[in-house]
Amino acid sequence: MIAASRERDVPLTMLDEGLMWAIALLLSISLVMVYSASIAYAEVDKATQSQTFYLLRHTVFMVVALGAGFIAFQIPTALWQKHASKFFLLALLLLALVLIPGIGKVVNGSRRWINLFVVNLQPSEVMKLAAVIYVADYTVRKAPKLHSFTQGFLPVFGAMCLVGNLLLLEPDFGALMVVMVISMAILFLAGINIRIFAGMAVAAVLAVVGMIVMSPYRLKRVTGFMDPWDDPYGKGYQLSHSLIAFGRGEWFGVGLGASVEKLFYLPEAHTDFIMAVIAEEFGFVGICVVIGLYAWIVLRAFRIAMDAKKQERYYPSLVAQGIGVWIGIQSFFNIGVNMGLLPTKGLTLPLMSFGGSAMLMNMVALAVLLRVDYENRRIKRGYKA
């Protein structure tokens with residue numbers, strides 16, 4: 001009874017305060033910038049006709065996501081591991097359901113959402129977390145066989161191929177890239193045979209090139225990315241206006257709310273291209289602050305993973321690393337697209353862009369990361385995880 005009481009008395013202040021502050025700051029910036037980026041569009045759109053439409057919805061999404069994160073934090077990592085396969089199968093089922101006419105909702109030619117009447121659920125966001133949870137569990141279970149191509153690599157490769165095919169049918173090439181990088185990173189960090197990993201990396205690059213070459217709309221995005229000024233009113237329109245926003249921002253920006261590009265020039269200003277609005281309104285300094293916050297989250301994720309590994313808690317360690325890779329690579333992709341360093345992929349900026357599914361799964365993932373850290377600290381103080 002005394003031991004149980006002591007376990008319950010472990011304070012939540014044991015959590016990584018630096019990580020929590022970084023998350024809180026990004027969420028705060030997100031509220032301000034979603035409002036700033038969407039205010040003009042929301043005011044004239046017949047479906048909204050209110051300046052605060054997207055702000056209010058984003059606030060609701062954030063509150064729900066924080067609630068879901070609080071619940072997820074209560075779940076021990078051992079329970080995530082126990083049900084990892086079931087969670088992965090659920091995510092697969094959702095990816096299959098979204099392809100069924102009448103269930104899946106088509107927006108801009110892509111069938112990526114399931115209409116839940118009140119909100120739209122994006123299964124690809126669920127799959128990103130499922131990939132972290134499942135691949136980490138798989139590598140721990142198959143650790144002695146990771147050097148075997150048939151027994152260690154082939155089963156997880158088959159599962160990821162199935163996921164890839166379902167994502168391509170939507171199509172959602174950006175989500176496929178993120179899931180693929182997450183899975184490959186966890187396998188590499190878990191110690192898969194380096195020859196197998198090298199072969200997998202080469203095959204992945206060739207597959208990506210092949211999918212781009214064989215798909216006219218993807219090839220169009222790449223050629224538009226190579227020289228957006230060649231067709232600034234066509235395939236280079238979105239990127240050219242994003243670059244103009246970055247150029248106008250200079251060092252310190254034009255000021256909050258003073259962006260010109262968000263006034264019907266830059267498409268998706270409050271979602272995929274919110275970083276361009278930040279660049280225009282807050283300049284180089286603002287961009288550095290946001291990138292610094294993401295870098296801090298990734299660094300803390302890997303530090304938490306190292307602490308778990310020292311305690312021989314290999315599954316939580318790989319989960320923490322997987323979440324760090326997810327946040328890091330998706331932020332890199334989104335910012336790279338906004339800056340013209342990468343072709344347009346349709347990926348949101350974690351914790352920042354408008355969107356309920358992404359915000360929900362980002363917060364659940366970070367709650368799991370905080371749970372890993374919490375368990376690490378409990379063990380250091382002599383308690384059970």
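**A walk through the predicted model**

Ser38 touches Tyr54 and His270, leaving aside residues up to four places away in sequence, where contact means heavy atoms within 4.5 Å. The structure is a predicted model, in which local features need pLDDT of at least 70 and side-chain atom pairs count only at pLDDT 80 or more, while totals for chains, interfaces and linings use all residues. Residues are numbered from 1 along each chain as its sequence is written, and side-chain values use heavy atoms, with hydrogens and water left out.

Ser38 belongs to helix 2, which covers residues 17–44. Helices here are DSSP runs (H or I, at least four residues), numbered from the N terminus. With a relative accessibility of 0%, Ser38 counts as buried. The classes of accessibility are buried, under 20% relative accessible area; exposed, over 50%; and partly exposed, in between, all with a 1.4 Å probe and protein chains only.

Not counting residues up to four places away in sequence, Ser148 touches Phe153 and Ile196. Phe354 is 206 residues from Ser148 in sequence, and their C-alpha atoms are 43 Å apart in space. Helix 7 itself contains Met160, a buried residue with a relative accessible area of 17%. Beyond its neighbours within four places in sequence, Met160 is in contact with Phe88, Val135, Val179 and Ser183. Between Met160 and Phe70 there are 90 residues of separation along the chain and 29 Å between C-alpha atoms.

Cys161 is partly exposed, at a relative accessible area of 34%, and Cys288 is also partly exposed, at 37%. The structure holds zero disulfides, a disulfide being a pair of cysteine sulfur atoms within 2.5 Å.

The loop between helix 7 (149–169) and helix 8 (173–190) contains Pro171. The peptide bond that joins Glu170 to Pro171 is cis, with omega at about -5 degrees.

Helix 11 spans residues 237–249, and its 13 residues reach 19 Å from the first C-alpha to the last, close to the 18 Å expected at 1.5 Å a residue. The expected span is 1.5 Å times one less than the number of residues in the helix. The buried residues of helix 11 are Leu239, Ser240, His241, Ser242, Ala245, Phe246 and Gly249. Glu250, just after this helix, takes a positive phi of about 50 degrees.

Trp251 lies in the loop that runs between helix 11 and helix 12. Trp251 is exposed, with a relative accessible area of 55%. Ala37 is 214 residues from Trp251 along the chain, and 20 Å separates their C-alpha atoms. The loop between helix 11 and helix 12 (274–310) also holds Phe264, whose phi is near 75 degrees, a positive value in a residue other than glycine.

Helix 13 has 25 residues and reaches 36 Å between its first and last C-alpha atoms, close to the 36 Å expected at 1.5 Å a residue. Of these 25 residues, 22 are buried, so helix 13 is largely enclosed by the rest of the structure. Gly340 follows helix 13 and has a positive phi, near 80 degrees. Leu351 is placed in the loop between helix 13 (314–338) and helix 14 (356–380). Its phi is near 65 degrees, positive in a residue other than glycine, and at 1% relative accessibility Leu351 counts as buried.

A search of the whole structure finds one cavity of 30 Å³ or more. On a 1 Å grid over the protein atoms alone, a cavity is a set of points where a 1.4 Å probe fits but cannot get out, and lining residues have an atom within 4 Å of a point. The largest cavity has a volume of about 50 Å³, a volume being the space filled by probe spheres set on the points, which are joined across faces, edges and corners. Its lining consists of Asp272, Phe273, Phe333, Asn334, Val337, Thr344, Lys345, Gly346 and Leu347. By class, this lining has four nonpolar, three polar and two charged residues. Ala, Val, Leu, Ile, Met, Phe, Trp, Tyr, Cys and Pro count as nonpolar, Asp, Glu, Lys and Arg as charged, and the others, Gly among them, as polar.

Notes
Helices (H or I, at least four residues) and strands (E, at least two) are DSSP runs, numbered from the N terminus. On a 1 Å grid over the protein atoms alone, a cavity is a set of points where a 1.4 Å probe fits but cannot get out, and a pocket is an open set with protein on both sides within 12 Å along at least five of seven lines; lining residues have an atom within 4 Å of a point.
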